[in-house]
Amino acid sequence: MLNYLLLTVGALFVAGYVALAYFIWKGSRRDAIGPRFASKKTERLLSAGLGLGMALIAEGGVLAIGIPVWSEYFDAVAPADAIEIEVTAQQFMWNVRYPGPDHVFGRTDPKLVDDNSNPLGLDRTDPQGKDDVIGLNDITVPFGRAVHVRLRSKDVIHSFFLPNFRVKQDAVPGMTPEVIFFPTQTGHFELACAELCGLAHYRMRGMFNVVSQKEFEEWLKKQQ
Amino acid sequence: MEPPAPPPPPERPAHEDTRGFVRRYIFSTDHKIIGIQYIITGLLMALVGATLATLIRLQLGWPDHAWPLLEKLLPGGYQGGVMLPEFYLAVVTMHGTIMVFFFISYVLVSGFGNYLVPLQVGATDMAFPFLNMLSYWIAFLSAAVLIFSFFVAGGAAAAGWTAYPPLSAIAAAVPGSQMGQSLWLLSMALFIASFTMSGLNIVATVLSVRAPGLSMMRLPLTVWSYFIASILGLLAFPPLTAAAVMLLFDRHLGTSFFLPSGLVVANKVLTNTGGSPLLWQHLFWFLGHPEVYVLILPALGIACDIIPAFTRKPVYGYRMSVYCLWAVGALSMIVWGHHMFVSGMSPFTGEYFSLVTLTITVPMTIFGVNMLASLWGAKLELRSPMLFVCGVIALFGSGGLGGLFLGNATADMQLHDTYFVVGHFHMMIGGVTLLATFAAIYFWFPKMFGRTMNETLGKAHFWLTFAPFFTIFFMQHFLGIQGAPRRYYAFTAYDYLQKTRGQNLVISLSAFLLVSSQFIFIVNFVWSLVRGRVAEANPWRATTLEWTVPSPPPHGNFETVPTVERWAYEYGVRAPGGDFATQDVPAAAVPVTA
């Protein structure tokens with residue numbers, strides 16, 4: 001998509017600037033004006049041509065490249081083996097939670113939140129929450145499996161931005177948007193906040209680690 | 001034989017000005033004085049906005065550097081000479097707010113709109129002169145409230161010019177969300193009230209007090225653009241007034257319009273229930289998107305009216321351009337969601353907003369190419385106003401094309417809230433409008449003040465404005481592609497942003513050049529006001545009605561109401577006065593060609 005746009009838009013940009021430069025250069029050397037009006041036909045043809053051309057480039061880009069990718073991305077149903085993660089943003093950190101072996105996140109309640117002892121407000125009496133794995137600012141996923149993120153926020157709007165994977169989704173309090181994507185390489189990548197959230201917005205940094213399945217399992221075991 | 005009747009006693013001129021100083025220059029109802037008041041207020045606000053931009057660029061060019069002098073000047077904003085993050089956010093917020101609402105809106109839309117529309121439609125004043133005066137003084141109050149907010153506890157608003165709640169709703173979320181944010185909202189509500197009055201006035205003036213013979217399709221494109229922009233403002237602004245009041249309620253009266261259940265801020269559970277942060281975004285952008293067209297349409301209209309005076313031929317495709325303005329105006333009302341592709345709203349609406357957004361490229365391209373084609377076959381004189389208009393065309397081209405990236409939801413996912421957006425909108429509602437404002441000042445200065453601005457200084461001002469401006473914001477597009485998020489106090493916390501260090505340095509240096517070269521303009525403006533060459537009634541040999549009256553025009557504008565016989569672009573003809581005919585030249589004297 002980006003390449004398509006860079007190419008078509010780049011060409012239009014250069015063409016427009018060359019035309020502008022030519023008109024300015026030529027115009028300042030002319031002694032008398034050319035014809036006052038272009039013919040009606042020229043005007044109509046130019047407008048129609050431009051309209052059609054732009055419609056083709058702009059809407060064509062959306063219809064042929066943009067929307068298919070968009071709907072593939074948002075219509076995607078998480079594959080059965082997708083790794084499920086809940087990311088709860090707060091000023092100025094990312095709380096990470098894995099559901100554990102039972103694949104179910106335990107109950108949380110804002111009334112139980114205490115930033116020091118229980119940042120997510122976990123209900124310790126819920127048996128399904130017993131095996132949940134909690135982390136901070138560090139997301140680790142196995143390579144080769146889809147990632148299914150449930151995004152939440154405790155206070156203000158944040159935005160989950162993985163520049164290396166072109167993933168961006170606002171974390172809005174009161175909502176739980178979901179993001180499903182497939183990391184294409186292993187390594188350690190940075191997670192940034194992309195929606196102004198307060199004083200330390202510029203350093204609300206997390207890490208997104210894509211490791212092999214084996215490393216992931218070892219890592220998860222260590223966390224429990 | 002009767003003796004001849006004695007000659008009638010000399011009558012007072014129809015519009016003799018009998019008002020005292022205060023009614024003439026301060027609480028005036030004369031649209032020309034009000035226009036100039038708006039322009040001066042707006043230019044002073046621009047000085048504040050530009051100072052804030054300098055502080056931003058100092059921080060981003062040299063993060064963590066200590067500036068002891070700045071700490072002396074702004075003790076609240078610096079600690080140990082280093083800028084505080086809360087001050088940085090307040091500065092960013094106020095820079096955006098001031099430049100969009102209090103500079104460009106005041107100078108270009110309200111200022112020149114007031115000054116030009118009645119003159120160009122051949123009217124003695126606006127349709128509602130008193131309302132006009134009221135609108136200026138409310139606008140003045142709104143600017144005063146905004147400036148005052150710098151000095152309250154917690155400092156000025158710091159939630160960005162878009163003021164997304166909950167950040168802007170909860171005092172504990174960021175220092176600027178204390179009193180500063182309330183004053184920001186109050187100022188915004190006042191601004192909209194004032195803008196509604198002046199918009200209503202412009203619409204009424206264009207519809208009801210045009211000179212005889214001036215049919216709508218004979219209006220100059222300037223008047224068309226103000227007319228359509230004012231309609232847009234009237235339709236789009238009130239929702240934000242409502243939203244501002246609702247947010248004030250959330251802040252002070254415990255309502256939950258924008259605050260959902262279960263918020264925990266600063267380790268404290270809030271009792272709000274059931275609100276939606278997205279509601280604010282919808283209401284804000286329902287205003288915000290048409291707002292950018294309210295700003296940019298007059299810039300384009302003015303460009304179209306300045307071009308023919310320096311190409312000596314009619315603009316290209318007048319009718320088509322008018323239709324394009326209408327089309328753009330209509331489309332701008334239904335595309336606001338393209339600011340919210342990743343906000344969590346339904347992805348289906350993302351597809352809709354992508355498609356309608358990119359439809360705007362069709363009329364905008366036709367309009368842009370019409371401006372370009374107006375230069376075709378021209379005998380071009382590159383005087384200062386025309387240079388600025390060439391700059392308008394250039395920035396409109398590059399800024400507009402950047403919109404193709406952002407309007408496309410799929411590409412926007414990567415670029416949203418990065419410097420690509422910052423670069424894009426500075427080119428459009430920053431640059432196109434800024435250069436058009438300067439073009440308009442150089443062009444109509446002789447009419448307003450009866451003196452001409454200095455040409456050499458004007459040309460120097462153009463090059464020292466355009467070159468750094470283009471460098472700054474063209475480069476910011478690439479910062480965005482590299483993933484640099486906007487509203488960051490520094491790019492130091494991330495490894496992947498380390499390589500943007502050098503680019504930010506170049507941008508900062510260009511920004512200082514840009515700001516300092518505005519002193520050329522200030523010197524030229526003040527010097528020309530006092531010492532400039534005395535201007536005749538029509539120094540640019542232009543055709544619209546304001547050039548048929550003396551410079552500056554007397555109170556009441558026209559001795560007698562002019563009769564319009566032709567369209568606004570009768571250039572390149574044989575006429576007694578030269579190669580042009582003003583709109584009131586009788587058809588019998590010079591043939592009407594359109």
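Chain A is divided into domain 1 (2-26 + 37-75) and domain 2 (83-223), with bounds that come from an automatic or database domain assignment. The C-alpha centres of these two domains of chain A lie 41 Å apart. The model is predicted, and local features need pLDDT of at least 70, side-chain atom pairs count only at pLDDT 80 or more, and totals for chains, interfaces and linings use all residues. Residues are numbered from 1 along each chain as its sequence is written, while chains are lettered from A and ligands numbered from 1 in the order in which they are written.

Helices (H or I, at least four residues) and strands (E, at least two) are DSSP runs, numbered from the N terminus; two strands pair if DSSP finds at least two bridges between them. In chain A, strand β10 (residues 206-211) is joined to strand β4 (residues 138-142) by 5 bridges, and the two run parallel. Within this pairing, A:Val141 has A:Val210 of β10(A) as its bridge partner. Strand β9 (residues 187-193) of chain A is also joined to β10(A) by 5 bridges, but in the antiparallel sense; here A:His188 is partnered by A:Asn209. The two faces of β10(A) can be told apart: A:Gly206, A:Phe208 and A:Val210 form the covered face, and A:Met207, A:Asn209 and A:Val211 the uncovered one.

Strand β5 (residues 147-153) of chain A is largely enclosed by the rest of the structure, because 5 of its 7 residues are buried. A residue is buried if 20 or more other C-beta atoms lie within 10 Å of its own, exposed if 12 or fewer, and partly exposed in between, with C-beta atoms placed from the backbone. Strand β1 (residues 83-90) of chain A pairs with β5(A) in the parallel sense over 7 bridges, and A:Glu86 stands opposite A:Arg150. An antiparallel pairing of 4 bridges joins β5(A) to strand β8 (residues 178-181) of chain A, where the bridge partner of A:Arg150 is A:Glu178.

For chain B, the domain assignment gives domain 1 (29-255), domain 2 (274-531) and domain 3 (539-594). The C-alpha centres of domains 2 and 3 of chain B lie 32 Å apart. Their contact takes 15 residues from domain 2 and 12 residues from domain 3, two residues being in contact if their C-beta atoms, placed from the backbone, lie within 7 Å. On the domain 2 side, α9 and α15 (419-449) of chain B are the elements that give two or more residues. The largest share of that side, 5 residues, comes from α15(B).

The largest nonpolar core has 241 residues, a core being a set of buried Ala, Val, Leu, Ile, Met, Phe, Trp, Tyr and Cys residues joined through C-beta atoms within 7 Å. Helix α4(B) gives the most to this core, with 23 residues. Among the residues with the most contacts inside the core are B:Ala299, B:Val392 and B:Ala436. Not counting residues up to four places away in sequence, B:Ala299 touches B:Leu108, B:Val392, B:Val432, B:Thr433 and B:Ala436.

The contact between the chains takes 76 residues from chain B and 72 residues from chain A. Elements that each supply at least two residues of the chain B side include α4 (85-120), α9 (277-311) and α13 (384-406). The largest share of this side, 8 residues, comes from α13(B).
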